[in-house]
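Subject: Structure for you to look at

Hello,

I am handing over a structure that I have been going through. Please open it and keep it beside this email while you read.

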Amino acid sequence: MKYIVVSGGVISGAGKGIVASSAGLLLQSKGFIVTAIKIDPYINIDSRTLSPLHHGEIYVTDDGGEVDLDLGNFERYLSTTLQRDHNITTGKIYLDIISKERAGDYLGKTVQVVPHVTNAIQNYIERTAKIPVDESQAEPDVCIIELGGTVGDIESSPFIYALAQLRKRVGKENLVQIHVAYVPVVPPGAFGEQKTKPIQRSISDVRSAGLSPLLVACRCEVPLEPGTIQKIANMCSMEPEQVISVHDGSTTYHVPLLLEKQNLLSILCESLKLPLDQMPIRCIEQGKRMWTDWVHLVRSQDTITDTVSIALVGKYTSNKAAYLSVSKSFEHAAMYCHKKVKVVWIDAAHLEEETYQDSPAKYHKAWHDLCSIKGIVVPSGFGARATGGIIKAITWARIHKTPFLGICLGMQLAVVEYARHVMGIPDAGSEELHPESKNHVIIDMPEHTQEDGSDTMRLGNHLCIFKKGTEWSKLRSLYGPTISQIEERHRNQYEINPEIVEGLEKAGLAVVGKDVTGRRIEIIEIRDHPFFVGVQFHPEYLSRVLQPSKVFLGFFAAAAGCLEKIPAALQKGQRSLVEY
């Protein structure tokens with residue numbers, strides 16, 4: 001097993017996840033099987049209880065893991081299937097150690113950070129790195145390890161020590177490190193000076209912690225100047241080839257091309273002694289085809305001018321990372337349709353009358369934005385706040401024939417809206433959001449409530465069966481005439497009340513998909529509408545750069561006016577509407 005550790009310095013959020021994913025993609029282009037691990041030094045066991053407003057999106061894996069959003073980056077770039085174990089947290093490590101200590105596994109020894117915690121981290125990494133991540137079920141060749149936070153954080157210290165020890169354990173020819181650090185420009189602007197002192201200090205900190213970076217990836221707004229590269233190399237005792245410029249581009253999907261141009265792949269393969277001449281022909285051909293498709297899609301975006309505006313109406317729009325997979329799914333669909341996408345972020349609370357009373361400017365701007373776009377998406381969320389504004393947005397989409405996609409909460413509120421305004425049930429509501437209502441069209445899932453009163457979520461991959469007689473469905477047509485069921489990832493606790501389904505369908509809101517029991521509703525759709533679809537699952541979790549979610553693709557294509565072309569293109573296996 002070969003390991004690539006990607007660490008960060010100077011500031012957080014400099015792009016470690018993109019650099020790590022891009023390095024993995026380049027290795028895949030040569031036929032290697034690549035897996036990934038994200039280390040989060042926080043004490044939480046997983047991301048379940050973290051607020052989207054503070055932490056960003058809670059990403060869900062096939063096996064129901066609620067993990068860090070960076071695992072989504074890895075899955076989107078590498079088209080792999082990761083598990084909950086691919087996200088390591090301080091909480092997971094200490095929970096394991098304390099459980100063993102209580103069980104007497106340490107035989108009365110004093111349990112310490114070194115060696116017990118650091119050994120547990122190394123064992124966890126080696127065990128997880130062997131988990132198959134693709135259909136071949138073969139053990140991966142390379143494991144990318146992204147270390148969250150920045151080097152120097154107190155929380156990261158045990159992990160840094162463990163990674164230094166892992167390098168000794170597996171051999172220095174089997175583990176290399178890429179350090180990602182920010183290069184500020186002072187003063188900011190085109191004529192500012194690129195400052196290298198922060199990177200020099202960051203590299204010094206990494207080395208003093210026991211690690212030795214092979215490469216330093218310099219995040220910057222503009223390409224590094226030759227003098228800056230030479231200075232970083234001199235001051236950090238590196239060759240200029242070891243200093244990689246990761247400057248801003250039109251999209252983050254250009255980063256793999258940028259790294260490939262600077263010979264990152266050659267440096268990694270040489271340092272890790274990766275056997276390029278021993279890869280199966282089948283793997284090499286798949287890698288070449290994947291890379292060709294990637295380059296075509298990314299470069300084609302540079303010549304596109306046609307932009308489609310999509311409104312994302314949500315509860316957490318003040319932190320756009322809360323909807324990271326949704327916004328990335330827009331990009332995947334736009335690339336397939338040979339368009340650009342402009343996401344208009346609308347705080348659902350600003351659509352409510354209360355906002356008009358407090359801030360008329362915010363209210364009018366929100367409604368102006370909503371009325372000026374080509375499609376509306378309502379993603380997931382919890383709690384009653386701002387749901388009144390969401391229902392108003394759904395009403396607008398339904399009445400004005402604007403393409404609409406409701407995900408999880410968005411689907412549930414679409415049912416509430418339809419029951420109130422079409423079926424004539426004014427107090428129709430949700431058990432979660434409207435406990436005082438006498439007509440709950442959305443109810444808690446009884447089998448997911450524990451005896452002790454604690455609630456659990458319906459998580460991970462579950463089947464959705466298309467209902468007979470729904471061949472007319474615009475969404476179903478995207479999957480092809482022979483597909484009767486699909487698998488999608490879930491994260492929900494509430495569902496449509498089965499008792500209301502017959503009335504909904506008579507009123508024109510059709511049920512297109514159900515779960516394997518036939519009781520739980522997975523997909524709803526209005527037939528006489530350009531595209532009005534609600535899904536209980538989260539299609540954004542399975543959208544990939546080279547294989548966009550069909551749910552998002554159908555919605556975006558409807559907004560872009562090219563939906564009728566998509567089914568045929570998908571059946572042909574095209575990577576985009578514009579062939580090459």
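Please note that the model is predicted.

**A pair of helices**

Two packed helices are described by the angle between their axes and the distance between the axes. Helix H14 covers residues 360-371 and helix H15 covers residues 387-399; they pack at an angle of about 30 degrees, and their axes are 11 Å apart. H14 and H15 are therefore roughly parallel to each other. The crossing in which H14 passes H15 is right-handed. Which residues make the contact? From H14 they are Trp367, Leu370 and Cys371, and from H15 they are Lys392, Ala393 and Trp396. Sorted by type, the residues of this contact are five nonpolar, no polar and one charged.

**The sheet of nine strands**

Nine strands form an open sheet with mixed pairing. Their order is S13-S12-S14-S15-S23-S22-S21-S18-S19. At the edges are strand S13 (340-347) and strand S19 (485-492), each of which pairs on one side only. On average, neighbouring strands of this sheet are turned by 25 degrees against each other, direction ignored.

Within the sheet, strand S15 (residues 404-407) pairs with strand S23 (residues 532-535) in the parallel sense, over four bridges. To find this place, look for phenylalanine 404, which stands opposite phenylalanine 532 in S23. Helix H19 (residues 550-560) packs on the sheet. The strands that H19 touches are S12 (307-314), S13, S14 (375-378), S15 and S23, and the direction of H19 makes about 125 degrees with that of S12.

**The sheet of three strands**

A further open sheet is formed by three strands in the order S16-S17-S20, again with mixed pairing. The edge strands, each pairing on one side only, are S16 (428-430) and S20 (494-496). Neighbouring strands here are turned by 30 degrees against each other on average, direction ignored. S16 and strand S17 (residues 439-444) pair in the parallel sense over three bridges. Serine 430 has isoleucine 442 in S17 as its bridge partner. Helix H16 packs on this sheet and touches S16, S17 and S20. The direction of H16 makes about 165 degrees with that of S17.

**Two residues to look at**

Is glutamate 417 buried or exposed? Its relative accessibility is 0%, so glutamate 417 counts as buried. Leaving aside residues up to four places away in sequence, glutamate 417 touches Ile391, Ile394, Thr395, Arg398 and Val422.

The other is cysteine 218, placed in strand S10 (residues 215-220). Cysteine 218 counts as buried because its relative accessibility is 0%. What does cysteine 218 touch, not counting residues up to four places away in sequence? Its contacts are Ala181, Val183, Ile199, Leu224, Ile232, Val243, Ile244, Ser245 and Val246. Between the C-alpha atoms of cysteine 218 and arginine 489 there are 36 Å, and these two residues are 271 residues apart along the chain.

Regards

How values were computed
Residues are numbered from 1 along each chain as its sequence is written. This is a predicted model: local features need pLDDT of at least 70, side-chain atom pairs count only at pLDDT 80 or more; totals for chains, interfaces and linings use all residues. Side-chain values use heavy atoms; hydrogens and water are left out. Buried means under 20% relative accessible area, exposed over 50%, partly exposed in between (1.4 Å probe, protein chains only). Contact means heavy atoms within 4.5 Å. Two strands pair if DSSP finds at least two bridges between them. Helices (H or I, at least four residues) and strands (E, at least two) are DSSP runs, numbered from the N terminus. Axes are lines fitted to C-alpha atoms, for helices over the stretch in contact, and angles run from 0 to 180 degrees between N-to-C directions. Angles under 35 degrees count as roughly parallel, over 145 as roughly antiparallel, 65 to 115 as roughly perpendicular and the rest as oblique. A crossing is left-handed if the near helix is turned anticlockwise from the far one by less than a right angle, and right-handed if clockwise. Ala, Val, Leu, Ile, Met, Phe, Trp, Tyr, Cys and Pro count as nonpolar, Asp, Glu, Lys and Arg as charged, and the others, Gly among them, as polar.
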